[in-house]
Amino acid sequence: MEEDNSGVLLCGVFDGHGPDGHHVARRVRDALPSLLLNNPTSATTNHDPPPPPPNIEEAFIQAYTQMDDTLKSHPKIKSMYSGTTALIMMIVKVLTFFHH
């Protein structure tokens with residue numbers, strides 16, 4: 001679970017599979033929140049109630065792609081045979097988004 005100062009709360013469940021699945025799940029758990037929260041397409045405003053973040057779907061896709069590239073280049077994790085499922089919940093003040 002990770003929260004930034006703009007009222008965004010990010011929660012996730014990661015279930016690794018394959019020989020290095022537990023390493024993949026841990027890496028994704030540690031890195032994905034900052035990839036999502038620092039992505040300009042997921043930026044929020046101070047409106048009350050807030051509008052949906054612009055291009056939230058694109059922010060998730062970009063973060064997953066970056067994470068996949070990072071795992072592919074990791075020298076000790078064999079991501080070809082291991083991976084993780086991810087269920088992500090992003091709460092932006094009063095709005096909730098789920099992605100998997």
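## Aromatic pair

Phenylalanine 60 is buried, because its relative accessibility is 2% (buried means under 20% relative accessible area, exposed over 50%, partly exposed in between; 1.4 Å probe, protein chains only). Tyrosine 64, at 23%, therefore counts as partly exposed. The model is predicted, so local features need pLDDT of at least 70 and side-chain atom pairs pLDDT 80 or more, whereas totals for chains, interfaces and linings use all residues. Numbering starts from 1 along each chain as its sequence is written, and side-chain values use heavy atoms, without hydrogens and water.

The count of aromatic pairs is one (ring centres of Phe, Tyr and Trp, the last by its six-membered ring, within 6.5 Å; planes under 30 degrees apart are stacked, over 60 edge-to-face, the rest tilted). Phenylalanine 60 and tyrosine 64 form this tilted pair, with 6.1 Å centre to centre and 50 degrees between the planes. About one helical turn separates phenylalanine 60 and tyrosine 64, because they are four residues apart in helix H2 (residues 56-72).

## Largest pocket

Tyr64 also lines the largest pocket, with other lining residues including Val24, Met67 and Ser82. H2 supplies the largest share of this lining, four residues.

## Exposed phenylalanine

Phenylalanine 98 lies in strand E4 (residues 95-99) (strands, E, are DSSP runs of at least two residues and helices, H or I, of at least four, numbered from the N terminus). Phenylalanine 98 counts as exposed because its relative accessibility is 57%.

Notes
1 Å grid on protein atoms, 1.4 Å probe; cavity = no way out; pocket = protein on both sides within 12 Å on 5 of 7 lines; lining within 4 Å.
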